[in-house]
Amino acid sequence: MIKNIVLDMGNVLLAYNPQVPLDLFCRTNEEKEIIFRELFEGPEWIQGDLGNLGNDEKYESIQKRVPKEMLPALKRCVYEWYVCLKPIAGAREFCEYAKQKGYRLYVLSNAAKDFYDYFPKFAPLDYFHGVVVSCDLHMIKPDVRIYQYLLDTYGLCPKECFFVDDRAENVKGAKHAGMSGAVFDGDFGILKERYHL
């Protein structure tokens with residue numbers, strides 16, 4: 001029987017769309033393409049999620065690969081990228097629904113240290129029964145150890161946990177840890193019906 005719902009943050013609770021900061025801060029399509037590739041798809045992004053680089057170190061590293069005239073836009077994208085993070089439609093309502101049904105709610109997110117700046121605008125950390133962020137552990141989903149850390153830290157039985165993430169490989173990682181789960185497609189109504197939550 002499911003007692004705990006474990007939610008990813010990006011594209012489950014908050015919409016993650018790099019195009020938003022790129023459109024806001026870049027002047028040309030070339031600038032958007034280069035900054036998207038070097039920042040959002042570059043190695044520093046993962047290192048941020050692993051807790052190995054802060055924004056200053058990310059910028060310092062990436063700016064060596066970006067034309068000088070693009071550095072103002074790069075800087076804003078590095079430090080202000082999370083302007084894109086708006087609540088997913090129905091996310092807050094789903095959390096309220098789940099709590100009223102008696103489920104315990106947890107967040108398990110691959111995120112850098114600025115998670116603690118932007119996420120509380122969605123809900124205070126103590127709204128959830130537990131929050132695990134990859135940067136604090138130097139490991140990221142789908143590494144099975146991060147799911148195990150969540151289970152061990154909060155004394156959860158994996159068979160009683162249902163994990164929701166927008167990436168199939170991360171749901172697979174949760175299943176390796178003994179949880180059930182689903183790939184989120186943007187519709188909380190279907191999630192409730194299909195999995196009888």
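Student: Before we start, what does buried mean here?
Tutor: A residue is buried when its relative accessible area is under 20%. The model discussed here is a predicted one.

Student: Is Cys 84 buried or exposed by that cut-off?
Tutor: Cys 84 counts as buried, because its relative accessibility is 5%, and the limit is 20%.

Student: How many disulfides does the whole structure have?
Tutor: The search of the whole structure finds zero disulfides. For Cys 84, the nearest cysteine sulfur belongs to Cys 77 and is 10 Å away, whereas a disulfide requires the two sulfur atoms to be within 2.5 Å.

Student: Cys 77 came up. Which residues of α5 are buried?
Tutor: Helix α5 spans residues 71–80, and its buried residues are Leu 71, Ala 73, Leu 74, Cys 77 and Val 78.

Student: Why are they on the same side of α5?
Tutor: They cover an arc of only 160° around the axis, which puts them on the same side of the helix. In general, an α-helix has 3.6 residues a turn, so residues three or four places apart point the same way.

Student: What covers them?
Tutor: The cover includes α1 (19–25), α2 (29–40) and α4 (55–62).

Student: How many residues are in the largest nonpolar core?
Tutor: That core has 52 residues, and Phe 119 and Phe 128 have the most contacts inside it. Helix α5 gives the most to this core, with five residues. A second, separate core has 17 residues, among them Val 132, Leu 137, Leu 151 and Met 179.

Student: What is Phe 119 in contact with?
Tutor: Beyond its neighbours within four places in sequence, Phe 119 is in contact with Met 9, Leu 13, Leu 14, Val 107, Leu 125 and Phe 128.

Student: Changing topic: where does Lys 141 lie?
Tutor: Lys 141 is in the loop between α8 (134–137) and α9 (144–154). Lys 141 is buried, with a relative accessible area of 4%.

Student: Which side chain makes a polar contact with the side chain of Lys 141?
Tutor: The side chain of Asp 8 does, at 2.8 Å.

Student: What else does Lys 141 touch?
Tutor: Setting aside residues up to four places away in sequence, Lys 141 touches several residues, including Ser 109, Asn 110, Ile 146, Tyr 147, Phe 163, Asp 165 and Asn 170.

Conventions
Residues numbered from 1 in each chain as written. Predicted model: local features only at pLDDT ≥ 70, side-chain atom pairs only at ≥ 80, totals over all residues. Heavy atoms only, no water. Buried < 20%, exposed > 50% of the residue type's maximum accessible area, 1.4 Å probe, protein only. Helix = DSSP H or I, 4+ residues; strand = E, 2+ residues; numbered from the N terminus. Arc of directions from axis to C-beta. Contact = heavy atoms within 4.5 Å. Core = buried A, V, L, I, M, F, W, Y, C linked by side-chain atoms within 4.5 Å. Polar contact = N/O pair within 3.5 Å; in protein donor to acceptor, adjacent residues only side chain to side chain.
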